[in-house]
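This report looks at aromatic contacts. Please have the model open while reading.

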Amino acid sequence: MTALRQETVGNLPDEVAVPSYDRSKLTVGIVHFGVGGFHRAHQAMYLDRLMNDGRAHDWAICGVGILPGDSRMRDALTAQDGLYTLVLKHPDGAREASVIGSIVEYLFAPDDPEAVVERMADPAVRIVSLTVTEGGYNIHPVTGEFDAENPAIRADLKPGAAPATVFGLVVEALRRRRARGVAPFTLMSCDNIQRNGDVARRTFTAFARLVDSGLAAWIEDAVAFPDSMVDRITPVTTDQDREALALRSGVEDAWPVVCEPFTQWVLQERFPTGRPPWEEAGVQVVADVEPYELMKLRLLNAGHQALCYFGYLSGYRYAHEAATDPAIAAFLLGYMDIEATPTLRPVPGIDLDDYKRTLIERFANPEVRDTLARLCAEASDRIPKWLLPVVREQLARGGEVTRAAAVVAGWARYAEGVDESGEPIELVDRLKERLTATARTQREHPTAFIENRDLFGDLADDRRFVEPYLRALESLHSAGARATVRELAGPGIRA
């Protein structure tokens, strides 16, 4: 067994790929907020590819954590000199393990916010990137406006306060660069939000406006906010994953990353101060990301929502179990074909029928073992951004919303917090208490859940949405998830 550190990399088995470059000669060019499994399976991996080819050695990553739980990542990466193992899980059971070396520093903002700000103020840093989750942009789910009354935001705005939020830290770094005559960095969102670059621009300039209107105007004029679409299913690392890595490859890694083989990154060409040559590592660099992001958000991300509630309520606990249920798979494909696809623009270089078939195959990969609980989490951030835009576009064009409405009904039933066997459901959501309290009234007041206008806007007033929603919810209560999804899947699905 080899504990993963820089000094031990050369002792790893030949089957484990390791960095071929001299990490001591790398310099930081990117600061990344939100170093979780997804960032390490994606952006950091693409940079590692370039570095192994002798490129991008001045684009190494300094990771930043801002939440209390990020201290675990700080401890794991610091002990391992920033190294970690990326394990691809193939459907046939094969594994590919490689050590990724592109992260060379990790700063935990609560320890030293000044160090984080000064790292971003360094002229060598030309990109600050973000995977702070859909809910990390502090926006109202219906209006899309920045929430200036958030207590964390108000705390950052107090005179003399040390910044604690991503907004406070980034805007202070930009203020210092402006004062010092240093060109601003590019701010690159990698979160699953439509027009994520525009969302980042609006929210960060909104915060800056609360600090200094002149600074906000400079940021709006001088800072680039490229759009991006990122895609790779990356489940939460488990103790079993750590043990399997140790047994198969002899690597002792405190926090390896496991993921599917598929990966895609589509990135808008908008980097005035430069960027790594990502296209040489397989990234699609394009002028317009929107067709790709809509495809991914409305088919893959919303498809996960179509899968997870019916799957969980049917008794499954893993995505591959639900995806191989014929009724759930047929329901999911019906949602994608009949409701989501009509809202999409043509996607250059992509066969949508093939993409949808591939999605079902990816969801059904038994080796990834992605939990339905993970996919069900934080629905109040996800469904308004991924699924409800499909509903609204379909309603506007006179299209069908039966399956999308049923997905919302599945969420509402799941939010009751008890499954069909009477077992408790651990709801993970920033609005957990409010959602559960409302959901538990819906047997007597069936539209209670969708009357939350902060989440659903005026959808509760549109009978074209309400009627299929109520049919699905009543069926979930009276017949159960399996019977409901079989009915929604259509003829030809056996009980």
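Does Tyr46 count as buried or exposed, and at what relative accessibility? Tyr46 counts as buried, because its relative accessibility is 1% and the cut-off for buried is under 20%. The model is predicted.

## Aromatic pairs

A search of the whole structure finds 13 aromatic pairs. One of them joins Tyr46 and Trp265. The centres lie 5.6 Å apart, and the planes make an angle of 45°. That geometry is tilted.

The partners come from distant parts of the chain. Tyr46 sits in helix H2 (residues 43-52). Trp265 sits in strand E12 (residues 264-268). The separation is 219 residues. Trp265 is buried too, with a relative accessible area of 1%.

## A helix-to-helix pair

Tyr309 and Tyr414 form an edge-to-face pair. Here the centre-to-centre distance is 5.5 Å, with 70° between the planes. Tyr309 belongs to helix H10 (residues 290-313) and Tyr414 to helix H17 (residues 402-414), so the pair ties together parts that are 105 residues apart in sequence.

## Charges over rings

Two arginines deserve a look. Arg40 lies over the face of Tyr84, 4.7 Å from the ring centre. Arg317 lies over the face of Tyr312, at 3.6 Å from the ring centre.

How values were computed:
Residues numbered from 1 in each chain as written. Predicted model: local features only at pLDDT ≥ 70, side-chain atom pairs only at ≥ 80, totals over all residues. Heavy atoms only, no water. Phe/Tyr/Trp six-rings, centres within 6.5 Å; stacked < 30°, edge-to-face > 60°. Helix = DSSP H or I, 4+ residues; strand = E, 2+ residues; numbered from the N terminus. Buried < 20%, exposed > 50% of the residue type's maximum accessible area, 1.4 Å probe, protein only. Lys NZ or Arg CZ within 6 Å of the ring centre and 35° of its normal.
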